[in-house]
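My notes follow the structure.

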Amino acid sequence: NLYAVRAADFHAWAGGGVTGGDVPEEVAERIAGITLRGTLHASLRGYQAFGAKFILAQRKALIGDEMGLGKTLQALAAIVHLAATPEATGDDGRLHALVVCPPSLRINWRREIERFTDLDCHVIHGADRDAAFHAWRQGGGVAVVGFPEIRDNPRYTDPEEPADILVVDEAHRAKNSRSQQSQAVQAMTALSPYVAYLTGTPLENRVDEFVTLLTALDPGLTLDTVRAEGFRTAIAGVYLRRNQDEVLDELPPLVDVEEWVDPTPEDRERYRDAVARGHFADMRQAASAPGSAKMERLQELLDDGADAGKTIVFSFFRSVVDALPGMLGDRAFGPVAGGVSHADRQQAVDDFTAADPGAVLVCQITAAAEGLNIQAANRVVIVEPQLNPAVEAQAVARAHRMGQIRTVEVHRLLTPDSVDERLVELLAEKRAQFDLFARDSAAADAAPEAVDVSEARLIEQVIADERRRLGEPPRL
């Protein structure tokens, strides 16, 4: 029973590999000379200690470990080390660490800081944000701020008061060099002596977005985005990635099941109407309305496995998410969705974790694909295919991550002869190329454009294909 609750701690105590990826010899020597200091209330695995030391040795680094490997803990280990290192804390002896993250993760970071460290945590948000900021500047500790708060905000880019260490969580959100939040992150990165970017999806669409992150950390990088080997060599000193199968021997299997369901006559009618109107969102939701084929199959899945564990149901659409609690009754928790406060989202996760087998957590995939740890679930249902494979991977990683001890089933609900089938076909190649790039931490052998499938172009292509298939006249 204790193992079921604290599996990650058991495996950390048992030891583990020190997989560090392919780092240059001089970097490996610097890492070997570092002994982590400070109080961290957790047992680091070998690869996690290596990641923390990589940050400290290189000072500015991107930790791109696959989702579920504990990037937060690696960053906290680096922070507490610096807090216990006099030369890193300045004249006042107080470390000033700053965490920038999506707004939905502020609560998660506060909980992790309070759980694993003895440092003061200041969440800079809401009516008390000014007081929290000044308390952090005066007393030190860790400040947590959302991406929106740093946009065009000079208090975070003041060269007279840089953070001693900057951590940017879900750092791929700073990939657009033209956005205000990306420019703020870049300015803060230039000022802080230690910087850790954390993201399990460093590349979402284009290689040059990944390059934006890397060159912010090391402006002197000269990158060849065509030749993979040269790219890997150039970024080895700033980019570290480990994959689950390399460092988590105990991680249970992931079973991926495509659930193809025949649409009802009403589903087909809704679908044809949406195609005739060229309405992409309605095409995607045609088979997931109340009483639809997908909802019937979802009920069957949940009823068949009521005693087997707990389930997370993801959908992109708020209308689907809002309809599910009424359909599922008392076993439904949530929703975790846009418009729901971050405190209520975390409370829903906590209640779901404490609930009996058969519980279902209802989530909008854009609101719950990042940051949440939901090892209590051993089944995931994705109601419709997503336009970005990385979003689905992040959603699955909420359950299939360190600490999970049961096989995780992923059920993807799909209807044949529909937009679902077209999306599965069109995204298969993008998924394979993305996985290859991210796993190997290098550029694709083909030109960068080979992995760029923009959503707008994809939507146009799918609508045109479906109109041709159903005999609808072309749209002007």
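I take a polar contact to be a pair of N or O atoms within 3.5 Å; within protein, one must be able to donate a hydrogen and the other to accept it, and residues adjacent in sequence count only if both atoms are side-chain atoms. I am working on a predicted model, where local features need pLDDT of at least 70, side-chain atom pairs count only at pLDDT 80 or more, and totals for chains, interfaces and linings use all residues. Residues are numbered from 1 along each chain as its sequence is written, and side-chain values use heavy atoms, with hydrogens and water left out.

Asp 65. I looked up which side chains it pairs with. Asp 65 and Arg 242 are joined through their side chains by a polar contact of 2.8 Å. Asp 65 also makes a side-chain polar contact of 2.9 Å with Gln 74. I place Asp 65 in the loop between strand 1 (60–63) and helix 5; helices (H or I, at least four residues) and strands (E, at least two) are DSSP runs, numbered from the N terminus. Asp 65 counts as buried because its relative accessible area is 0%, the limits being under 20% for buried, over 50% for exposed and partly exposed in between (1.4 Å probe, protein chains only). Beyond four places in sequence, its contacts (heavy atoms within 4.5 Å) include Tyr 47, Lys 71, Thr 199 and Leu 240.

Cores. I define a nonpolar core as a set of buried Ala, Val, Leu, Ile, Met, Phe, Trp, Tyr and Cys residues joined through side-chain atoms within 4.5 Å. The largest has 37 residues, with Ile 79, Trp 109, Ile 165 and Val 167 having the most contacts inside it. Helix 5 (residues 71–83) gives the largest share of this core, 8 residues. Leaving out residues up to four places away, Val 167 touches Ile 79 and Trp 109, among others.

Cavities. I searched on a 1 Å grid over the protein atoms alone, a cavity being a set of points where a 1.4 Å probe fits but cannot get out, with lining residues having an atom within 4 Å of a point. Grid points are joined across faces, edges and corners, and a volume is the space filled by probe spheres set on the points. I found 2 cavities of 30 Å³ or more.

Key. On a 1 Å grid over the protein atoms alone, a cavity is a set of points where a 1.4 Å probe fits but cannot get out, and a pocket is an open set with protein on both sides within 12 Å along at least five of seven lines; lining residues have an atom within 4 Å of a point.
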